Amino acid sequence: MKPTDTLIGIAISGGGSRAALFGAAGLEALAKLQVGPPGHSLLEDLSMISSVSGGSMATSYFASTKPPKDVPVLTATGGFSPEYQTFFEQYKETMNQDYEGPLFWRNMLRLRWFNPAWTAKSLAEHLNNEFLHELTYKEIRERELSRDIPRLLINTTLYNDGRRFVITTLPQDQTQYDLLKDVNRSLGTGSRSKESAQLMREKWASLQSVTPQALNLELCHLRLSAAVAGSMSFPPVIGPITFKVEDKDRYWHVGDGGLSDNMGLESLATVSLNALQKNLARRVLIIAFDSSFPFKIGSDRLDHFPEGFTLFNYDFGRIPGIMEERALAYRTLYFRTMAEQGILPDESRLKFIQLRHIDAVWKDDMSDLPESCKHEEVKLTDPQMVTKRLASVVTRLWIKSDCDRDLVTMAAMKLVEENKSQILNFLQPSPP
């Protein structure tokens, strides 16, 4: 990673097609923001993009299809150039497609339906057919080096040992953050025993990301579609994807990155903290597009359902969702406490903006309601109903209606506009 004044990272959460479309619309909205001087698109300054599960469909399309750096994003009047107008139109259209139906039929026709690992293979094949076209990480690395795209981080989980596996071209050492170094700097070491210090080192090491380099996996020939399918491998429906260590009887089984972090945020934060600690960046801005399925929605259903789960209504996401909610609570406490104790950088150096699809603000008179929603059987008559409708968009590899699609798209654009001032204020040139 080259030294920079301000490192900008984007995280796109899991959430099936809802997350893919929300991420695509969010990137389009960010691309319209002019920074400078001279005035240019924020997209041109993007350093890293991290994703998990459904969000990885959005980031992989972006990495494979985005026009090269010599194509301007914006015209002199602030509108999209023809190339980027076409790019974003096709981007959203591709994320809007039904991936579930073709995946089902591919499984049925190839007799793969009874093996979740073969379902993951079918998903990778379908992604290749639609937009990835057998793209390898060698080609991704070439695009990164030429600065056509930001560094790409696809988040998965290793079923072998439970660690977070980030499929990226970044070297292993750049994905590691030495928390204890900053703890010792801020608090000193005198009050801790050797046993306590050793335990902290071991537990922190277990939370650090693992990269292909650390696992002795040959990355150059790895297809991006396999990484994305691994990130989306939600048990027991899909996956895992299996990678073999070259010339060894050793296999790594890779599944859903959302098992521990459904925002794709932890790996991005770790890389960013590493850059700050090593003075590779003076400031970091992280924008997280979070369209995770609200955990409370499942609670509302169970509150009024006498049998809990049955064979026909079993919610596969509920169990990992419970673990994710607890992990999120601990993660929030950790970051808040570390920042307040002066161990982590304050907001002048590390700015985090979370954009949740259910937090978009809608007008009381519903004048901003998409046209596709105005003829729904159940009328959306106030902002609370719109928010509830957004919260109820299910996590599938398709989105049910035009109204749902348009609400998800508009929510991303509204949230960027609502947070435009704090984004641009942070990106003002920092004092020397």
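Reader: Which residues of α10 are buried?

Author: In α10, the buried residues are Glu266, Ser267, Leu268, Ala269, Thr270, Val271, Ser272, Leu273, Asn274, Ala275, Leu276 and Gln277. Buried means under 20% relative accessible area, with a 1.4 Å probe and protein chains only. Helices are DSSP runs (H or I, at least four residues), numbered from the N terminus. This is a predicted model, in which local features need pLDDT of at least 70 and side-chain atom pairs count only at pLDDT 80 or more, while totals for chains, interfaces and linings use all residues. Residues are numbered from 1 along each chain as its sequence is written, and side-chain values use heavy atoms, leaving out hydrogens and water.

Reader: Now the aromatics: how are Tyr61 and Tyr91 paired?

Author: Tyr61 and Tyr91 are stacked, at 4.9 Å centre to centre and 10° between the planes. Rings of Phe, Tyr and Trp (its six-membered ring) pair if their centres lie within 6.5 Å; planes under 30 degrees apart count as stacked, over 60 as edge-to-face and the rest as tilted.

Reader: Why does that pair tie together separate parts of the sequence?

Author: Tyr61 belongs to helix α2 (residues 55–65) and Tyr91 to helix α3 (residues 82–95), so the pair links parts that are 30 residues apart in sequence.

Reader: And why is the pair of Tyr84 and Phe87 edge-to-face?

Author: Their ring centres are 5.9 Å apart and their planes lie at 80°, so Tyr84 and Phe87 are edge-to-face.

Notes
Buried < 20%, exposed > 50% of the residue type's maximum accessible area, 1.4 Å probe, protein only. Helix = DSSP H or I, 4+ residues; strand = E, 2+ residues; numbered from the N terminus.
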